[in-house]
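User: I should like to go through this structure and the terms used to describe it. Please set each value against its definition.

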There are 2 protein chains.
Amino acid sequence: MLVWERPEPPNRPVPAPLDRERIVRAAIESADAEGLEAVSLRKVAGVLGVGPMRLYGYIASKEELLDLMVDAVHAEIRPVGDGWRDVLRSLAEATRQAAHEHEWLADLLGGRPQLGPHALATGETVVAALGDVDLDAVMPVVASVNAYVIGAVRREIAERRAERATGLDEKRWQASLGPYLERTFATGRFPALAAVVRDAAHLDADDTFRIGLDCLLDGIEARISR
Amino acid sequence: MLVWERPEPPNRPVPAPLDRERIVRAAIESADAEGLEAVSLRKVAGVLGVGPMRLYGYIASKEELLDLMVDAVHAEIRPVGDGWRDVLRSLAEATRQAAHEHEWLADLLGGRPQLGPHALATGETVVAALGDVDLDAVMPVVASVNAYVIGAVRREIAERRAERATGLDEKRWQASLGPYLERTFATGRFPALAAVVRDAAHLDADDTFRIGLDCLLDGIEARISR
DNA sequence: CAGTGATCGATACACTGTATCGACTCGTAC
DNA sequence: GTACGAGTCGATACAGTGTATCGATCACTG
């Protein structure tokens, strides 16, 4: 068929410009807005106006995308302070802060080794601030603080989600968790637990986090100044 | 059609007897053998000789199955010892041990509040052993140890998996992580980190875990005996 | 200008969790 | 003894997933 009667090719749109940063940003926005389980390659590609397979030019798997997301958040974690204790506390608070802004981070933290440039940069800052600490003690100290933060943040976010799930409509709450614990404790099988839950002061999340962190830092201090 | 020429109904098999315990056991075996991501309701139902939808008579969602799996493992976590410190240490070691036997536990720990009977029983044991501790201090103390354990175990399992992934064939290892860090450190952007990784003593996982735990327990001791 | 590699996205595959619904069984009321 | 109602079981279906494959198209090199 001659060109004259052949229609123009269907206006093939210029392929949307793409790079890892754009992809990761879109993924993070999705995760922030709708949770991690709502992040799919199809949706991410969708908001970028692109076919799903296009992403595989920039990442090799979804796992890699998640790794990139975590590393991107590490860019926001900039511990500051004077001396090792300040910096470790700052690291902990900043990580917790990041997880508050990106709840999905709690699902990913500690799930895979963090070796991205921003994670390494954070590590560098921290380790550099531990210059006056015995070299052999640096790794276990940083590791322990990281471990504590990961676990504490996970628990905190998990609790927050559980509350939100029931709290969304008061009915559900009334019909589920509170009374469940009531009934369970009423069996008398967990007297000590029941006593603590009923009679002890209920700390908020901030205080709980800080107390544990202080304990850990105290213990570290005792150990490295020995 | 008369019965005489109508074939027997196709030997409808007696429905396999089922209960939550059987389901959970099958799921745990799957997860132990092939990892958590290989656990699907179809497969679990399959090994039980049952259609997938049958499971929904016993659980309301896959999440609930995972909750049951975690609680089942909590039955193996029986902290023992004299005094609060022994018991907290025992709790930590037992949890870590459980995660070594069921690596998928690392993916689930801290992901959702643990309110199953076995988890509560573990909590009861621990809290009971903290009888001589100020009531208001019990919750944050237990929470901090739990947080540390969750994070430490996660990191440990994550590292183990990463090693295994590359270690399965030596080629991959040589081509991926080791040299990656080499090259990255060679850029000179992470001098302090590089120094630690190169010059510091490399502790094994057991020691790393114990050092952090000791720090935390030391800090707790200082705080509650104040 | 021909050919060659890279890039793009449509299609396809195997699989997921779970809603729906018809077929069937069984205990009970008449 | 029979009709009915409730409940159980599993086949089918649906919407969605990550990713392999591959033909079409593009930009660039000889």
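User: Which residues of chain A does UniProt list for "domain: HTH tetR-type"?

Analyst: The unreviewed UniProt entry lists residues 17-77 of chain A; such positions follow the numbering used here, feature names are shortened, and annotations may be inferred rather than shown by experiment. This is a predicted model, in which local features need pLDDT of at least 70 and side-chain atom pairs count only at pLDDT 80 or more, while totals for chains, interfaces and linings use all residues. Residues are numbered from 1 along each chain as its sequence is written, and chains are lettered from A and ligands numbered from 1 in the order in which they are written.

User: How do you know that the span of helix α1 of chain A agrees with its 15 residues?

Analyst: Helices are DSSP runs (H or I, at least four residues), numbered from the N terminus. The expected span is 1.5 Å times one less than the number of residues. For residues 20-34 this gives 21 Å, and the end C-alpha atoms are 21 Å apart, so the two agree.

User: What makes A:I23 in α1(A) buried?

Analyst: A residue is buried if 20 or more other C-beta atoms, placed from the backbone, lie within 10 Å of its own. A:I23 is listed as buried, as are A:V24 and A:A27 among others. The buried residues of α1(A) pack against α2 (41-47) and α3 (62-74) of chain A, where contact requires C-beta atoms within 7 Å.

User: Which residues come nearest to DNA strand D?

Analyst: Near requires a C-beta atom, placed from the backbone, within 6 Å of the strand. Of the 16 residues around it, A:S40, A:S61, A:K62, B:G51 and B:R54 come nearest.

Conventions: Helix = DSSP H or I, 4+ residues; strand = E, 2+ residues; numbered from the N terminus. Buried ≥ 20, exposed ≤ 12 C-beta atoms within 10 Å, placed from the backbone. Contact = placed C-beta atoms within 7 Å.
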